Amino acid sequence: MDLTACLPDGPSPFAQSGSAVVTGANSGIGFQVARQLADRGMIVWMGARDAEKGKAAVAAVGERARYLHLDVTDAASAAAAAHDVGEVDILINNAGVNPGSEDIEATDLAQLRVAYETNVFSVVTVTQAFLPALRRSRHPRIVNITSGTGSLTWSSGPNPQFDSERVRGGGLAYRSSKTAANAITLLSAQALGDRFKVNALAPGLRVTNLVPGMTSGGDPAEAAAGAVRLALLPDDGPTGALWSFDGTEVPW
Ligand code: NAP
């Protein structure tokens with residue numbers, strides 16, 4: 001399915017209105033998602049665990065941005081944030097960590113715990129906390145920023161986003177956590193029904209703070225545009241799938 005065929009400019013229910021929560025919005029892809037949604041006229045709650053960084057990001061986005069204190073690994077923080085927001089159309093589960101590129105021999109359990117705490121458990125915690133706020137919307141949308149490196153098909157065959165041979169077997173903690181987040185996306189979509197649109201994004205390799213020292217990769221704004229498309233899906237748009245930033249469907 002070509003996602004671009006059912007995407008905005010036409011039938012998005014959020015033309016120049018609506019609201020969104022973006023987790024981990026103080027940098028990288030999340031910051032760009034917030035900026036692009038605000039540019040489309042939406043009120044954007046920019047989640048950040050660090051108030052100073054979060055408020056600086058809000059100031060950079062401008063008058064449609066709101067600071068939202070949100071440590072995604074802290075259920076009480078997620079509950080308080082959801083209470084403050086009250087009602088919202090779009091939840092972007094973007095916050096993520098990459099604790100290293102080790103393979104099965106070199107990975108220690110601490111790396112797995114770090115990766116799963118943020119990239120898996122927090123997606124559940126934050127989604128559950130915001131479900132009442134999303135249910136108050138007529139067009140609830142959830143976008144989970146996962147990864148093409150979590151696609152088992154792409155991991156066992158060619159990955160068109162980058163040279164998968166280069167990372168063959170590596171990144172066990174990070175990539176398996178993103179596989180789990182992909183599964184959570186599918187099962188959430190099935191449980192929440194067609195009124196919700198719940199999709200995952202494979203952003204492609206981007207130069208951000210995710211991997212310290214990383215210099216090769218694309219512009220995070222390009223990945224953010226893919227997330228924004230999924231956030232603005234019309235009511236007859238797809239749910240329960242993984243999409244590349246370019247709008248093509250990614251096999252699980
Ligand atoms: P980034 O610039 O490091 O952004 C990650 C964001 O998540 C930061 O704002 C970080 O906040 C936040 N975060 C981490 N733990 C958090 C917590 N417990 N509570 C709240 N916020 C937390 O990296 P990015 O590349 O934009 O990453 C965004 C998403 O894209 C991640 O889910 C990542 O896995 C995914 N992704 C990225 C790439 C890539 O090539 N860059 C590829 C595939 C997928 P702090 O500043 O406080 O740490």
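Of the 252 residues of the chain, 52% count as buried, where buried means under 20% relative accessible area, exposed means over 50%, and partly exposed lies in between (1.4 Å probe, protein chains only). The model is a predicted one, in which local features need pLDDT of at least 70 and side-chain atom pairs count only at pLDDT 80 or more, while totals for chains, interfaces and linings use all residues. Residues are numbered from 1 along each chain as its sequence is written, and side-chain values use heavy atoms, with hydrogens and water left out.

The chain contains seven helices and eight strands; helices (H or I, at least four residues) and strands (E, at least two) are DSSP runs numbered from the N terminus. The chain is as compact as a globular protein of 252 residues, because its radius of gyration of 17 Å is close to the 18 Å that the globule rule gives for that length. The radius is taken over C-alpha atoms, and the rule is 2.2 Å times the number of residues to the power 0.38. Along the principal axes, the C-alpha atoms fill a box of roughly 50 × 40 × 35 Å. Among contacts in the chain with a separation of 6 or more, 70% are accounted for by residues 24 or more positions apart, a contact being heavy atoms within 4.5 Å.

The accessible surface of the chain comes to about 11100 Å², and carbon and sulfur atoms hold 53% of this surface; such areas come from the Shrake-Rupley method with a 1.4 Å probe, and for residues only the protein chains shown count as cover. The chain carries 20 positive and 25 negative side chains, and the centres of the two sets are 4 Å apart. Lys and Arg count as positive and Asp and Glu as negative, with His and the chain ends not counted; the place of a charge is NZ of Lys, CZ of Arg, CG of Asp or CD of Glu.

In soluble globular proteins, nonpolar side chains tend to be buried together. A nonpolar core is a set of buried Ala, Val, Leu, Ile, Met, Phe, Trp, Tyr and Cys residues joined through side-chain atoms within 4.5 Å. The largest such core has 32 residues, and Val-33, Leu-37 and Met-46 have the most contacts inside it. At least two residues of this core are supplied by each of several elements, including strand 1 (19–22), helix 1 (28–39), strand 2 (43–48), helix 2 (51–61) and helix 7 (220–231). Beyond its neighbours within four places in sequence, Val-33 is in contact with Val-22, Ile-92, Ala-224, Ala-227 and Val-228. Another core, of 21 residues, lies apart from the largest one and has Val-72, Val-85, Ala-133 and Phe-196 among its members.

Individual positions were examined next. Gly-28 is placed in helix 1 and counts as partly exposed, at 21% relative accessibility. Leaving out residues up to four places away in sequence, Gly-28 touches Thr-208 and Pro-220. Gly-28 and Asp-219 are 191 residues apart in sequence, with a C-alpha to C-alpha distance of 9.1 Å. Asp-50, in the loop between strand 2 and helix 2, is also partly exposed, with 32% relative accessibility. Its C-alpha atom is separated by 8.4 Å from that of Leu-70, which is 20 residues apart from Asp-50 along the chain.

Thr-127 belongs to helix 4 (residues 109–135) and is buried, at 9% relative accessibility. His-139 occupies the loop between helix 4 and strand 5 and counts as buried at 14% relative accessibility. With neighbours within four places set aside, the contacts of His-139 are Pro-13, Phe-14, Asp-89 and Asp-235. The C-alpha atoms of His-139 and Leu-232, 93 residues apart along the chain, are 9.2 Å from each other.

Leu-152, in helix 5 (residues 152–156), is exposed, with a relative accessible area of 54%. Leu-152 is in contact with Thr-179 and Trp-252, neighbours within four places in sequence being left aside. Leu-152 and Trp-252 are 100 residues apart in sequence and 6.0 Å apart in space, C-alpha to C-alpha.
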